[in-house]
Amino acid sequence: MDELQILRALDASYFCSILVDVKRNRYECQKETERLPQLDREGCYTKLLEELTQEAVTEGEQKTFQEKFSLEYMKKMLCGPEVAKGYRSYYTDCHVVLGGERKWCRMSVVLVDSDENGDPNHVLILVQDVTRQKEKDVEYEKKLQEAYELAERANQAKTTFLNNMSHDIRTPMNAIIGFTSLAATHLDERELLKDYLGKIMISSNHLLSLINDVLDMSRIESGRVKIEENECSIPIVMHDLRNILQTDIKAKRLDFFIDTVDVVNEDVICDRLRLNQILLNCMSNAMKYTKAGGTVGIRIIQKEHAPEGYADYDFVVRDTGIGMSEEFAKHIFEPFSREENATVGRIPGTGLGMSITKNIVDMMGGTISVRSKIGEGSEFTISLRFKTASTSQRRGVIQELNGFRALVADDNMDSCVSVEKMLRTIGLRPEWTTSGKEAVFRARYATEQNDPFRVYIIDWLMPDMNGVEVVRRIRTEIGEQVPIIILTAYDWSDIEQEAREAGVTAFCAKPLFLSELYDVLQNASQTDGVPEHPVFGKEEFKGKRVLLVEDVELNREIAETILKDAGIAVVAVENGKQAVDYMSQAEDDFIDLILMDVMMPVMDGYEATRRIRAMSGGKNESVPIIAMTANAFEEDVRHALDAGMNEHLSKPIRIEALYDVMKKFL
């Protein structure tokens, strides 16, 4: 079989093949096709090339096509010393029109034979449709380019993150080390020492928040964060949030609002820990970027038309801070994103908080969006759908107040409208005003008309007159019997005594929910006032006995000091085995509570707890055991409870948090 026969056998994958006699400028069509313009069986090759160029090749490639398939180019490419090295072919990819469609074709020129000088006698032109391959190549190149750009962005983000973290970690560490050194040299100057310790605490809390952000992001990316749905009270979540933020709001002198709109379903099924984290991240962000004297707040709106058994909520976080550009707002939820400007550069942060928030919102099946304008502030809206709890209680009419008038005084009209709706549900005839002075006038006028208000709800802070003064003046008009309730988003402990003396019956914390207003008014209507709850103090721990199980000497010293300051008798051991041995020998009820570390040598806290619970006679089945550990994730809480512990506290331990947990069991 000669070489030409071999080439003809190999051209099965080509839809067209043309044998060209280079020296005679003739061609012969070896394979018929209908995909190219009608070809003569044979003829002049130069004329064929011109026809193909004009009729089949796209305009932008005609010049290149005509050049590379000319007889001169063939002679140049397929003759001389290169042929001896085995370079006997070449190809060109070009766009051609086939059957009215634009396709990619590969035109291969293969040497068939040559003369004694190495000049080509015959060549075979093979035409192949490579459109699919080209499309795959283009798609592959596109994906490769996207992967490259993604890798570049990730690399840049990593570099930026490491730079930011290096700066942001060193900043609070520098403050901690510096103020600790200063405190050691000013031990006799009490006020100065107190100031230094306060700054050390602020810097320590900031450093802890940085670490938590990095760990949270790592866990989200590794898929270890799970949504744990349980029954949850929205009022409790919101009041806990208010309490957490209160100190920082006060320290930064921010105006703070927190209210509700049409919240009917207060008890839902959701991950309370993650809901709290979402709201805390958004509120912390708002406070961080709002200057002293600005306004931050959150509004909870229950929307209509949710499916049966579900409730839809919008949690709207607003601030009057520095705002952000429209371009940056598009990237606010990307990891490590921080707007590059002089103001933001001075505010510490990793750029992870909103990315973490977005990931958690997504896992909970919700959405988060942002609206912002530079210099005017930002508004984040978190939309979530929860199952409603089967234990939710519906509050109805309070018979003792049914049909009577009520007056609401609050400078925020939305709050007035919201409270008005609640009062109508309870059975009252509510009216409202945004002025303290007008509230006093209306109280006097209603009394004179012999149609008095039977309930007053007064906001603590109003621009024309503060709530305590409003109450004092109203009392002079109406006497002592009618309940007057102070409504506030702030901690009222500083003004509670003055307010009681002015005639305040009870306090309600914003955001106000129907269940809370119902309970307060029901108590007030039945008892002509709500009794004060005793204030819990650490002196109530005196005489209690606590077993402290902690292997790190420094941590043990800190915990012992906190406990002894509260009058608690402390027994300290260094590992779980020592704790088990001690409890096996101790008399029944001798130890009132156990504070148990988890990660310890010899025996860990989980195993120690299980053994203490399993002791013969059930002598230690009921002793409260509280995990006090650096294992701070939700699965650690679950492991602690599964082992038999009653509560979980994560390190570093805050004194108030420790006392709050202990008072539940002592």
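**Figure 1. Lys-330 and its salt-bridge partner Glu-327 in the predicted model.** Lys-330 is exposed, at 58% relative accessibility. Glu-327 is partly exposed, at 48%. Buried means under 20% relative accessible area, exposed over 50%, and partly exposed in between (1.4 Å probe, protein chains only). The two side chains meet in a salt bridge, N to O, at 3.7 Å. A salt bridge here is a side-chain nitrogen of Lys or Arg within 4 Å of a carboxyl oxygen of Asp or Glu. This is a predicted model, in which local features need pLDDT of at least 70 and side-chain atom pairs count only at pLDDT 80 or more, while totals for chains, interfaces and linings use all residues. Residues are numbered from 1 along each chain as its sequence is written, and side-chain values use heavy atoms, with hydrogens and water left out.

**Figure 2. The salt bridge between Asp-115 and Lys-23.** The closest N and O atoms of Asp-115 and Lys-23 are 2.4 Å apart. Asp-115 sits in the loop between strands E5 (101-114) and E6 (120-129), and Lys-23 in the loop between strands E1 (16-21) and E2 (26-31), so the pair ties together parts that are 92 residues apart in sequence. Strands (E, at least two residues) and helices (H or I, at least four) are DSSP runs, numbered from the N terminus. Asp-115 is buried, with a relative accessible area of 16%. The whole structure holds 35 salt bridges. Among the linked residues, Arg-405, Arg-429, Glu-431, Glu-438, Arg-442 and Asp-451 form a network.

**Figure 3. Strand E13 and its links to other parts of the chain.** Arg-385 of strand E13 (residues 377-388) pairs with Asp-312 of strand E11 (residues 310-319), so parts that are 73 residues apart in sequence are tied together. The salt bridge spans 2.7 Å, N to O. Arg-385 is partly exposed, at 42%. Asp-312 is buried, at 10% relative accessibility. Thr-381 also lies in E13. It is buried, with a relative accessible area of 15%. Its C-alpha lies 6.4 Å from that of Val-317, 64 residues away along the chain. Beyond neighbours within four places in sequence, Thr-381 contacts Asp-314, Phe-315, Val-316, Thr-367, Ile-368 and Ser-369. Contact means heavy atoms within 4.5 Å.

**Figure 4. Arg-299 in strand E10.** Strand E10 covers residues 295-303. Arg-299 is buried, with a relative accessible area of 7%. Its side chain makes a polar contact of 2.7 Å with the side chain of Asp-259. A polar contact is a pair of N or O atoms within 3.5 Å; within protein, one must be able to donate a hydrogen and the other to accept it, and residues adjacent in sequence count only if both atoms are side-chain atoms. Outside four places in sequence, the residues in contact with Arg-299 include Phe-257, Val-261, Asp-314, Arg-318, Asn-412 and Asp-414.

**Figure 5. Helix H9 and its N-terminal cap.** H9 (residues 272-288) has 17 residues. Asp-271 caps the N-terminal end: a side-chain oxygen lies 3.1 Å from the backbone nitrogen of Arg-274.

Methods. Expected span 1.5 Å × (residues − 1).
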